[in-house]
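Hello,

Here is the structure we talked about handing over. Please open it alongside this email, and then read on for what was found.

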Amino acid sequence: MKITVVGTGYVGLVSGTCLAEVGNDVLCLDVDPEKIRILEEGGIPIFEPGLQEMVRRNVAAGRLHFTTDVEKAVQHGTIQFIAVGTPPDEDGSADLQYVLGAARNIGRLMTDYKVVVDKSTVPVGTGAKVKAAIADELAKRGVSIPYSVVSNPEFLKEGAAVEDFMRPDRIVVGAEEEQAIHLMRALYAPFQRNHERLIITDVKSAELTKYAANAMLATRISFMNELANLAEVLGADIEMVRQGIGSDPRIGYHFLYPGCGYGGSCFPKDVKALIATAKDDAGISLKVLTAVEEANDAQKHVLTGKLKGRFGDLKGKHFALWGLAFKPNTDDMREAPSRELIADLFAAGATVTAYDPVAMHETQRIFGDDSRLKYAESPMGALTEADALLIVTEWKEFRSPDFEAIKATLKNPVIFDGRNLYDPKFVRASGIEYFAIGR
């Protein structure tokens with residue numbers, strides 16, 4: 001099948017590459033010539049395990065192409081995926097200018113039947129707006145060309161996006177026209193050979209499904225963070241509580257790990273957007289999700305509170321920071337808890353030396369040449385002259401460190417673990433003060 005993907009961010013590039021991997025002819029469009037240059041030279045503009053090799057393989061096979069030419073992209077694919085950004089507006093609602101801009105380009109340039117697929121995370125009702133934008137452009141041209149608008153939300157985890165696309169839990173397709181449903185079934189047939197994973201809904205239900213999924217996961221995280229803070233005060237161990245409730249099959253273990261808050265490109269943005277949609281479009285206040293957001297905002301400052309509780313005034317203190325990305329296996333720094341922690345430390349007069357396997361370049365882009373933030377080439381290298389070690393991302397290489405070496409290198413043998421990586425008894429037996437979340 002001939003497929004066009006508009007946008008080469010996490011969603012667009014992963015989707016386009018995986019669709020090429022199963023034999024489709026895919027053209028990826030981006031208005032950023034620098035992104036296209038990087039891709040054409042064999043690189044990728046993001047970090048995602050396994051993606052670069054797959055991109056190179058499909059480019060070499062002639063199934064995957066890149067362009068900045070909008071007209072060429074519209075002419076190429078019968079199926080046109082819109083996978084552009086939907087950043088939060090000032091009021092928290094999703095900014096649809098890029099989605100609707102892509103839709104207008106399709107309406108302005110299409111010459112035959114198209115299935116226009118919203119892959120971006122968009123509010124309920126966006127499908128109708130996309131349909132209207134295309135109709136408006138066709139009317140301006142004085143032509144009548146058939147098309148369908150479909151909602152096909154993505155459920156990709158950064159750091160495991162390729163695996164998630166190639167072996168999906170479910171594929172949600174919101175569509176009303178039989179021809180569009182038929183083409184989407186054919187498109188996704190290679191990804192569900194073991195059993196049917198396709199769920200056909202109406203467009204609005206598909207749009208809401210994406211927000212509902214992310215909001216539910218964010219709720220579980222904030223719920224556990226609040227319980228962890230309570231457990232700490234009461235003298236309970238949140239890890240034991242987690243095992244106790246997770247063993248209930250109605251609850252399960254997923255997303256029950258307390259920490260220093262969630263971040264990334266999805267959960268914070270989507271919770272805000274769903275709250276805004278409910279308020280603006282339905283006149284409803286989503287009280288649970290409002291609390292989820294407030295709890296998460298507060299959780300990003302929990303490590304700062306623990307630091308001040310241990311050291312008092314932080315002015316002149318220097319800290320080692322392990323982990324910058326919002327989660328492992330990505331260089332994504334959007335809404336990362338590390339950003340709030342670093343800002344808190346700077347405000348308190350402290351300095352930081354940080355280490356992250358892949359996100360230091362992105363952090364430098366965000367913080368610039370601020371002399372208060374330095375970078376180390378290894379985890380242990382970050383500890384030199386540090387008053388304590390702070391951990392905010394659960395990279396695998398942090399899971400089994402040499403505690404004796406940590407103790408010997410730090411000025412004070414203290415670890416503040418924002419991801420509960422270690423057994424408190426083991427660390428404390430090594431002669432290290434250990435502050436975790438809810439333990």
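**The cavity**

Helix H9, residues 203-234, gives the largest share of the lining of the largest cavity, with three residues. Keep in mind that this is a predicted model.

How many cavities of 30 Å³ or more are there? The count comes to one. The largest cavity holds about 30 Å³ of space. Its lining is made up of Asp118, Ser120, Thr121, Val122, Ser151, Pro153, Ala206, Glu207 and Lys210. By class, that lining splits into three nonpolar, three polar and three charged residues.

**Aromatic rings**

Next, the rings. The count of aromatic pairs comes to 14. One of them joins phenylalanine 165 and phenylalanine 191: the ring centres are 5.3 Å apart and the planes stand at 85°, so the pair is edge-to-face. Planes over 60 degrees apart count that way.

Where do the two partners sit? Phenylalanine 165 is in helix H7 (residues 161-166), while phenylalanine 191 is in the loop between helix H8 (178-188) and strand S8 (198-201). The pair links distant parts of the chain, 26 residues apart.

The cut-off for buried is under 20%.

There is also a cluster. Ring pairs link Phe311, Phe319, Phe416 and Phe435.

**Charges over rings**

Two arginines deserve a look. Arginine 310 lies over the face of phenylalanine 311, at 4.7 Å from the ring centre. Phe311 is also one of the residues in the cluster above. Arginine 170 lies over the face of phenylalanine 155, and here the distance from the ring centre is 3.7 Å.

**Threonine 4**

Go to strand S1 (residues 2-6), where you will find threonine 4. Its relative accessible area is 0%, so threonine 4 is buried.

Which backbone atoms lie by a polar atom of the threonine 4 side chain? The backbone oxygen of alanine 73 lies 2.6 Å from such an atom. The backbone nitrogen of glycine 77 lies 3.1 Å from a polar atom of that side chain.

**Glutamate 178**

Now helix H8, where glutamate 178 is found. Glutamate 178 has a relative accessible area of 62%, so it is exposed. The cut-off for exposed is over 50%. How far is glutamate 178 from threonine 67? Their C-alpha atoms are separated by 31 Å, and the two residues are 111 apart along the chain.

**Two asparagines with positive phi**

Last, the backbone. Asparagine 329 is a residue other than glycine, and its phi is positive, near 65°. Asparagine 329 is in the loop between strand S9 (318-322) and helix H14 (337-347). With a relative accessible area of 34%, asparagine 329 is partly exposed.

Asparagine 420 is not a glycine either, but has a positive phi of about 50°. Look for asparagine 420 in the loop between strand S13 (414-417) and helix H17 (424-429). Its relative accessibility is 15%, so asparagine 420 counts as buried.

Best wishes

Terms used:
Residues numbered from 1 in each chain as written. Predicted model: local features only at pLDDT ≥ 70, side-chain atom pairs only at ≥ 80, totals over all residues. Heavy atoms only, no water. 1 Å grid on protein atoms, 1.4 Å probe; cavity = no way out; pocket = protein on both sides within 12 Å on 5 of 7 lines; lining within 4 Å. Points joined across faces, edges and corners; volume = space filled by probe spheres on them. Helix = DSSP H or I, 4+ residues; strand = E, 2+ residues; numbered from the N terminus. Nonpolar A, V, L, I, M, F, W, Y, C, P; charged D, E, K, R; others polar. Phe/Tyr/Trp six-rings, centres within 6.5 Å; stacked < 30°, edge-to-face > 60°. Lys NZ or Arg CZ within 6 Å of the ring centre and 35° of its normal. Buried < 20%, exposed > 50% of the residue type's maximum accessible area, 1.4 Å probe, protein only. Polar contact = N/O pair within 3.5 Å; in protein donor to acceptor, adjacent residues only side chain to side chain.
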